[in-house]
Amino acid sequence: MSKRLAKRVLLIGWDAADWKVIRPLLAEGKMPTLAGLIQNGVSGNLATIQPMLSPMLWNSIATGKRADKHGICSFVEPLGDLSGIRPVASTSRACKAIWNILTQAGLTSNVVSWFASHPAEPIRGAIVSDRIAALSATWTDGAKLPDGTVHPAALADQLEPLIVSPGDLDAAALIPFIPRAAEIDQDRDDRLVKLAGIVARASTVQATACQLAQRDDWDFMAVYYSAIDEFGHHFMPYHPPHVEGIGERDAAIYGEAISSCYRFHDMMLEALLAYAGPETTVLLVSDHGFHHSNRRPSADAWQHPETWHREFGIVCVHGPGIRRGVDLYGATLLDVTPTILGLFGLPIGSDMDGRPWLEICEAPPSVDYIESWEPDAGDAGMHREEFREDPIGSALVMRQLIDLGYLSPTSEDGRAQCEQAIKDARINRAVAVTSSRRVASALPLWQELAENYPEEPGFQFQVASCHLRLSQWKDCDDAIARLPQKLRESPHGRLLEAAVAVGEERLGDALAIARTVDAAPLKDAGLYNQLGQLFLSTCAWDEAEAAFRNALDSQAESSVAFDGLAQLSLRRGDSTAAVEHALSAVELTHFFPAAHFHLGEGLSGAGRDAEAIAAYETALGMGFDPQSIHERLATLYRLRNPAKAAQHRARSQSSYSESRGLIAGRR
Ligand SMILES: [Zn+2]
């Protein structure tokens with residue numbers, strides 16, 4: 001076994017925390033605790049995964065696996081008898097969470113309010129389930145926690161007095177968030193009441209977490225706070241600068257809510273760290289960011305709430321043996337569990353989708369891999385088999401029994417909610433698999449959806465896109481033919497058709513279609529970028545350039561468009577322009593492996609070999625086409641470091657499997 005580096009580990013989750021909102025507050029000295037962690041630790045962006053739905057993401061953080069493996073695919077799940085829905089439950093998680101693995105390894109964990117942690121699992125240590133936050137809304141003195149809220153059950157007596165209800169918060173507690181609260185007409189404006197509810201929930205989580213943290217018996221602790229996300233959806237539209245559609249009075253009254261919420265979290269962090277003690281290794285993470293400033297989609301953050309989520313969250317690691325004041329690059333939320341296992345000197349499951357951040361350690365350790373932690377090897381503190389279930393699977397069986405007449409139907413409302421929950425979970429799962437580039441596995445999921453919901457052509461469109469990505473031209477054509485005429489003839493449909501023509505090397509046809517699409521203005525940057533790629537494939541350089549420029553006109557921060565221009569400059573033999581565009585792309589989206597590769601190509605073409613090596617190595621670290629990169633690195637190192645060149649040559653030729661671990665982490 002590898003060496004244990006961390007005495008204990010504290011994982012803190014701040015839903016939707018975003019560096020872009022935090023940085024100005026740090027600069028003003030308003031988040032001193034976090035500033036200390038950054039200064040004396042490692043920090044960086046944490047790339048999220050799709051779809052950006054919090055329950056799925058926090059379970060990926062706690063398992064190191066994507067949703068198709070951990071099984072938590074939505075906010076809600078159908079009840080077993082199809083009579084309605086409930087919040088996603090711990091009994092539905094299909095694999096071990098980090099606290100189960102640590103239980104199995106004989107370590108003690110405290111878990112507070114993690115997404116889908118109800119009912120509390122019988123782990124070694126303590127769990128306060130996410131039900132506790134919901135209970136705070138209506139909590140009264142002397143009330144009792146329902147069964148399953150805490151493990152061990154005997155802990156309930158200690159925690160019940162700590163629960164904070166909105167009624168416990170007086171004006172002094174709320175004024176810091178909304179200094180002009182007195183001006184609010186409470187009969188017509190319930191935003192202060194909502195804010196009090198969120199603050200009460202966060203305070204409840206904080207109080208129970210501090211209670212558990214001050215005990216000296218734990219190795220690992222995980223605490224989840226939802227308030228930054230909830231504040232975001234309620235109050236980000238009022239955060240300066242001013243957004244069109246927001247009244248001046250609202251902006252004046254609620255304009256400080258977001259900053260105050262972050263300062264509140266900094267204070268809670270300070271207290272929790274004090275209880276945890278200086279020997280604790282701290283990981284602070286968020287599951288995604290939150291759009292602010294001019295990237296806010298509208299004046300209402302509840303309208304399509306997921307569109308407010310930004311693709312980068314935060315990560316900050318601090319503790320004994322962790323490097324100081326260093327940036328972490330290329331991290332994803334799938335890496336959190338493998339990293340914690342590495343810090344404890346425990347082996348990482350090869351079935352996990354992330355990689356450990358060994359580079360954060362002053363003396364990077366070696367880590368061991370095992371096939372999987374899943375097969376039973378001792379007590380992992382999971383629910384007994386008879387309590388665990390796949391809610392979608394059982395709901396489908398139940399539906400069949402009802403449809404066949406074996407069971408009497410449940411209420412129409414309940415049934416409709418269940419059907420929606422089943423559908424949402426299946427879509428989210430299909431998106432999760434598609435976005436992790438496992439197109440062959442995604443295809444049957446979309447085919448099933450297309451069959452089950454024929455009235456929604458979007459699913460058939462996904463089927464066609466999968467065939468395209470699998471280079472199944474004929475199948476793709478067939479799927480396009482099954483699309484309703486309107487969608488088939490839309491720019492989306494035509495671009496798909498043109499891409500098939502490129503695949504079949506009918507470049508003339510592809511160019512003709514691309515030109516018909518180009519004849520009318522397109523709706524968004526994504527379509528222009530697709531069009532640009534088509535023109536690139538058909539060697540229509542000027543039209544490609546125009547398409548990418550149009551993409552930038554509609555979205556100035558389109559890193560894909562800049563990468564397109566970089567590719568175009570490379571084709572035109574203009575290395576200097578390629579470097580400039582590729583740099584713009586990676587400045588906007590650091591986790592963009594192809595753009596780093598194109599940057600390397602440009603730098604190498606411009607004779608800037610040392611910088612080219614760095615760019616290629618970044619792309620390689622992100623899992624981009626290792627074979628091509630090793631080839632290029634071998635060439636670049638040929639004169640300056642023959643030994644290194646030979647290494648890269650060997651790795652480009654044979655050792656694809658050696659780097660498999662790294663690539664697997666990027667899948
Ligand atoms: Zn979230």
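Me: Helices (H or I, at least four residues) and strands (E, at least two) are DSSP runs, numbered from the N terminus. In which loop of this predicted model is the place of Ala-16?
Reply: Ala-16 is not a glycine, yet its phi is positive, at about 70°. With a relative accessibility of 0%, which is under the 20% limit, Ala-16 counts as buried. The place of this residue is the loop between strand 1 (8-14) and helix 1 (19-27).

Me: What is the relative accessible area of Ala-116?
Reply: Most residues other than glycine have a negative phi. Ala-116 has a positive phi of about 60° although it is not a glycine, and it lies in the loop between strand 5 and strand 6. Ala-116 is buried, because its relative accessible area is 2%.

Me: Which residue is joined to Pro-119 by a cis peptide bond, with omega near -5°?
Reply: Most peptide bonds are trans. Pro-119 sits in the loop between strand 5 (109-112) and strand 6 (125-128). The cis bond to Pro-119 comes from His-118.

Me: What is the omega of the peptide bond that joins Pro-240 and Pro-241?
Reply: Pro-241 belongs to the loop between helix 10 and helix 11 (248-254). The bond joining Pro-240 and Pro-241 is cis, and its omega is about 0°.

Me: How many charged residues are in the lining of the second largest pocket?
Reply: The second largest pocket has a volume of about 890 Å³ and is lined by 36 residues. Two or more lining residues come from each of strand 4 (85-87), helix 6 (131-135), helix 9 (191-213), strand 8 (220-225) and helix 10 (227-235). Phe-75, Phe-115, Asp-130, Tyr-224 and Glu-230 are the lining residues nearest the pocket's centre. By class, the lining has 20 nonpolar and seven polar residues, and the charged ones number nine.

Me: How far apart are the end C-alpha atoms of helix 17?
Reply: Helix 17 covers residues 457-469, which makes 13 residues. At 1.5 Å a residue, the helix should span 18 Å. The model agrees with this, because the end C-alpha atoms are apart by 19 Å.

Me: Which elements are included in what covers the buried residues of helix 17?
Reply: Among the buried residues of helix 17 are Phe-459, Phe-461, Val-463, Cys-466 and His-467. After the helix comes Ser-471, with a positive phi near 60°. The cover over the buried residues includes helix 15 (412-435), helix 16 (439-452), helix 18 (473-481), helix 19 (485-488) and helix 20 (491-503).

Me: Is Asn-428 buried or exposed?
Reply: Asn-428 lies in helix 15. Leaving aside residues up to four places away in sequence, Asn-428 touches Pro-51, Leu-53, Met-56, Cys-73 and Ser-74. Its relative accessibility is 11%, which is under the 20% limit, so Asn-428 counts as buried.

Me: What is the distance in space, C-alpha to C-alpha, between Leu-620 and Val-315?
Reply: Leu-620 has its place in helix 27 (residues 609-621). A relative accessible area of 16% means that Leu-620 is buried. Leu-620 and Val-315 are 305 residues apart in sequence, and in space the distance is 21 Å.

Technical notes:
Residues are numbered from 1 along each chain as its sequence is written. This is a predicted model: local features need pLDDT of at least 70, side-chain atom pairs count only at pLDDT 80 or more; totals for chains, interfaces and linings use all residues. Side-chain values use heavy atoms; hydrogens and water are left out. On a 1 Å grid over the protein atoms alone, a cavity is a set of points where a 1.4 Å probe fits but cannot get out, and a pocket is an open set with protein on both sides within 12 Å along at least five of seven lines; lining residues have an atom within 4 Å of a point. Grid points are joined across faces, edges and corners, and a volume is the space filled by probe spheres set on the points. Ala, Val, Leu, Ile, Met, Phe, Trp, Tyr, Cys and Pro count as nonpolar, Asp, Glu, Lys and Arg as charged, and the others, Gly among them, as polar. The expected span of a helix is 1.5 Å times one less than its number of residues. Buried means under 20% relative accessible area, exposed over 50%, partly exposed in between (1.4 Å probe, protein chains only). Contact means heavy atoms within 4.5 Å.
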